[in-house]
Amino acid sequence: MAGQTDNRAPYARIAAHYTELIASGQLQPGTLLPSIKNLSEEWKVSTATAEKALRKLRNDGLVRGIHGIGTEVLDQPSPMSSGSQRQDRSRRTGSSWGDGERSDSHRAAVVPAPAEVAEALDIQPDSAVVRRSRVYRDRHGIVAHSTSWIPARYGKLIPQLAESERLAGGTSLQLIAEATGHPISHRIDTASASLLTPEYARLLELDLDNLPAEPVVVMTAKFVDSEGNVVEYGVDLGGPGRSCRTESEVST
């Protein structure tokens, strides 16, 4: 809490603390957060800082203010993350998981590259690629089904890329950069809405006889190293009802 070493602004530390409590289920929907006065006393900050922390939680969709009552925790599914956002999170925290997330169903295999994947990786169609997939979940269900496509030459350098388990020693991008000596220099992201196909429904573990009507979010990320090689193409398929949210600092 207030005594922790943290370089973030005080309001951000307070907001992050309650974000974690909400995501982990320690603060259930309907729970009231401390008042602005109590927050300022507990964290030894001004009331303006405490109010800013609550405003951030409201803007993040985690709580709502009820006039005359207080600030209530909401029950909302976590937004999905793009491959680039997960890369950033891994670099900062060592884990690609979002708040309250976990991953399972880790699968890997060497397969022929589908046409879309071959084009993204700048290789010939049906060339061998490593396909790695996993499912991210939170307490509401599937956040996203994520697939990474990696040219097979990197699988020869790093055999564990083709093993059906969570990677040890870093993310696939970190392991590739370490093995080749070429850091990832840039990435190209896309996002689109797509109709729910039977294949998407299977990946998202949906009931084929009772499919939701709304489209799903499909996000891709292409990662390029310092030599101009495309080392990975990621495709994230969002669960129904999931949105994609980004946040960045703005300087004026």
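Which residues does Ser-172 touch, not counting residues up to four places away in sequence? Select Ser-172 and keep that in mind while we set the ground rules.

This is a predicted model, in which local features need pLDDT of at least 70, side-chain atom pairs count only at pLDDT 80 or more, and totals for chains, interfaces and linings use all residues. Residues are numbered from 1 along each chain as its sequence is written, and side-chain values use heavy atoms, with hydrogens and water left out.

**Stop 1: Ser-172**

Ser-172 lies in helix α7 (residues 172-180); helices here are DSSP runs of H or I with at least four residues, strands are runs of E with at least two, and both are numbered from the N terminus. Show its partners: Ser-172 touches Ile-150, Leu-161, Leu-167 and Glu-232, where contact means heavy atoms within 4.5 Å. Its relative accessibility is 9%, so Ser-172 counts as buried (under 20% relative accessible area, with a 1.4 Å probe and protein chains only).

**Stop 2: the cores**

Next, select Leu-121, Val-129, Trp-149 and Tyr-233, the residues with the most contacts inside the largest nonpolar core, which has 22 residues. Such a core is a set of buried Ala, Val, Leu, Ile, Met, Phe, Trp, Tyr and Cys residues joined through side-chain atoms within 4.5 Å. At least two residues of this core come from each of α5 (115-121), β4 (128-138), β5 (141-151), α8 (198-203), β7 (216-225) and β8 (230-238). Apart from it lies another core of 16 residues, including Ala-15, Leu-33, Val-45 and Val-63.

Zoom in on Leu-121: leaving aside neighbours within four places in sequence, its contacts are Val-129, Trp-149, Ile-150, Pro-151, Val-230, Glu-232 and Tyr-233.

**Stop 3: α2 on α3**

Now colour helix α2 (residues 36-43) and helix α3 (residues 47-59), which pack at about 110 degrees with their axes 8 Å apart. Axes are lines fitted to C-alpha atoms over the stretch in contact, and angles run from 0 to 180 degrees between N-to-C directions. The pair is therefore roughly perpendicular (65 to 115 degrees; under 35 is roughly parallel, over 145 roughly antiparallel, and the rest oblique). From α2, Ile-36, Leu-39 and Ser-40 meet Thr-47, Ala-50, Glu-51 and Leu-54 of α3.

**Stop 4: α1 on α3**

On the α1 side, select Pro-10, Tyr-11, Ile-14, Ala-15, Tyr-18 and Thr-19; they meet Thr-49, Lys-52, Ala-53, Lys-56 and Leu-57 in α3.

Terms used: Buried means under 20% relative accessible area, exposed over 50%, partly exposed in between (1.4 Å probe, protein chains only).
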